[in-house]
Amino acid sequence: MGILEQFSLKGQRALVTGASQGIGLACAQALAEAGAHVILTSRDAAMLAQVAGDMTAAGHSAEWHVLDVTDSAATDALAAKLGPLDVVVANAGIARSGTAAETADDALVQDVMNTNFFGVLHTARAFGGQMLGAGKGAIVAIGSISGEISNRPQNQSYYNASKAAVHHLVRSMGAEWAGRGVRVNAVAPGYIETQMTKYAMVDDPVMAAKWMELTPMARAGQPEEIASIVLFLASSAASYMTGSVVTADGGYTCW
Ligand code: NDP
C-alpha cells in the first residue's frame, strides 16, 4: 500500500463523541474526508441533526445518535447496536476552573471526572470491547497538555487530573490490547480555538495574551490541526503506534 493510501478510511465506520462542535466536529469532518462513514454523537440532538445534515449535503456519509458519555449503560447499548466499528474518537470533554486546595465542591470535581475520565473509559471499554471481538480497530482519545503539566495560568487542577488519568488509561489499554489488533492512542492539544476556550481567547484579552506569551508559536491552534493528527492515529499509517500520547501545542510544553 502506498504511503498516501494508508491515510484512507474508505469503507470504514468511525464514531466521534462530542462531535457537535469544536475539535470533535473537526475530527468527524477529517474522518469523513478520508472516506469513512461517520457516526456523530453528543447530548444535543438538534446540533447533531444540523451537523450531520451539513456533512451529508457536502457529499459525506454520516449518521448521528444522542449519547451522554457519562452514562455507561447507554454507551454499552449504542456499542452493541452499532457492532464493531473501525475507529472511535473519545473526544467529549468539559473544563471547569478551581484550584486543588480551594475547591470545596466535590460535585464539580465529580462532574469533570465523570465526563473527561469516565466518559473516555465508558467509550473505550464499550466500543473497544466490540473491536476486540472483531480483532481490529483504532481508538483515539483527546487528552490535553494539562494531563502532563499543571498549566499554572488556568487553575484547573481537577481538569488536569482528569486528563492525566486519560493519558494513563490510554497507555494501559494500549498495552493490554496490543496483541489483539486494537490500538489505543491519544492526542494532547495545547490551546485550541473552540467554545471551550472562548472565555479567555475572546472574553479575557489579558488571559489570552498570557497564553500566547507562553506558547512559542505565539498563536492558538485550530481544531483542524488536532483532527489531522487524530486521522493519522486512526489510520493504518500509525499501525505501529499504541499507548502513545501525541502532543500538539505550538511548543507550549517545551519551555
Ligand atoms: P467544546 O466545548 O467546543 O466541545 C465539547 C464537546 O463535548 C461538545 O460537542 C459537547 O456536546 C460534548 N460533550 C460535553 N459533555 C458531554 C457528555 N457528557 N456526553 C457527550 N458529549 C459531551 O470543546 P473542545 O472542542 O475544545 O474540546 C474537545 C476535547 O478536547 C475535550 O475533551 C477537551 O477537554 C479537549 N481539549 C481542548 C482544548 C482546547 O484548547 N479547546 C485543549 C486540550 C484538550 P454537547 O454539550 O452537545 O453534549
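Trainee: What makes a set of residues the largest nonpolar core here?

Mentor: A nonpolar core is a set of buried Ala, Val, Leu, Ile, Met, Phe, Trp, Tyr and Cys residues joined through C-beta atoms within 7 Å, and the largest such set in this predicted model has 65 residues. Those with the most contacts inside this core are Ala14, Leu31, Val38, Leu40 and Val230, while α1 gives the most to the core, with 8 residues. Residues are numbered from 1 along each chain as its sequence is written. Because the model is predicted, local features need pLDDT of at least 70 and side-chain atom pairs count only at pLDDT 80 or more, whereas totals for chains, interfaces and linings use all residues.

Trainee: Which residues is Leu31 in contact with, leaving aside its neighbours within four places in sequence?

Mentor: Two residues are in contact if their C-beta atoms, placed from the backbone, lie within 7 Å, and on that rule Leu31 is in contact with Leu9, Ala14, Ala36, Val38, Val87, Leu231 and Ala234, its neighbours within four places in sequence being left aside.

Trainee: Why is Phe118 called partly exposed?

Mentor: A residue is buried if 20 or more other C-beta atoms lie within 10 Å of its own, exposed if 12 or fewer, and partly exposed in between, with C-beta atoms placed from the backbone. Phe118, which has its place in helix α4, has 19 other C-beta atoms within 10 Å and is therefore partly exposed.

Trainee: Is Ala218 buried or exposed, and what is its phi?

Mentor: Ala218 has 11 C-beta neighbours inside 10 Å, so it counts as exposed; this residue lies in the loop between α7 (205-213) and α8. Its phi is positive, about 55°, although Ala218 is not a glycine. Most residues other than glycine have a negative phi.

Trainee: How do you know that the span of helix α8 agrees with what it should be?

Mentor: Helices (H or I, at least four residues) and strands (E, at least two) are DSSP runs, numbered from the N terminus, and the expected span of a helix is 1.5 Å times one less than its number of residues. For the 12 residues of α8 (residues 223-234) that gives 16 Å, and the end C-alpha atoms are 16 Å apart, so the two agree. The buried residues of α8, among them Pro223, Ile226 and Val230, pack against β1 (13-17), α1, β4 (87-90), β5 (137-142), β6 (182-189) and β7 (245-248).

Trainee: What does the radius of gyration say about the chain?

Mentor: The radius of gyration is taken over C-alpha atoms, and the globule rule is 2.2 Å times the number of residues to the power 0.38. With 255 residues a compact globule would have a radius near 18 Å, and the chain has 17 Å, which agrees. Buried residues make up 45% of these 255 residues, and the secondary structure comes to 8 helices and 7 strands.
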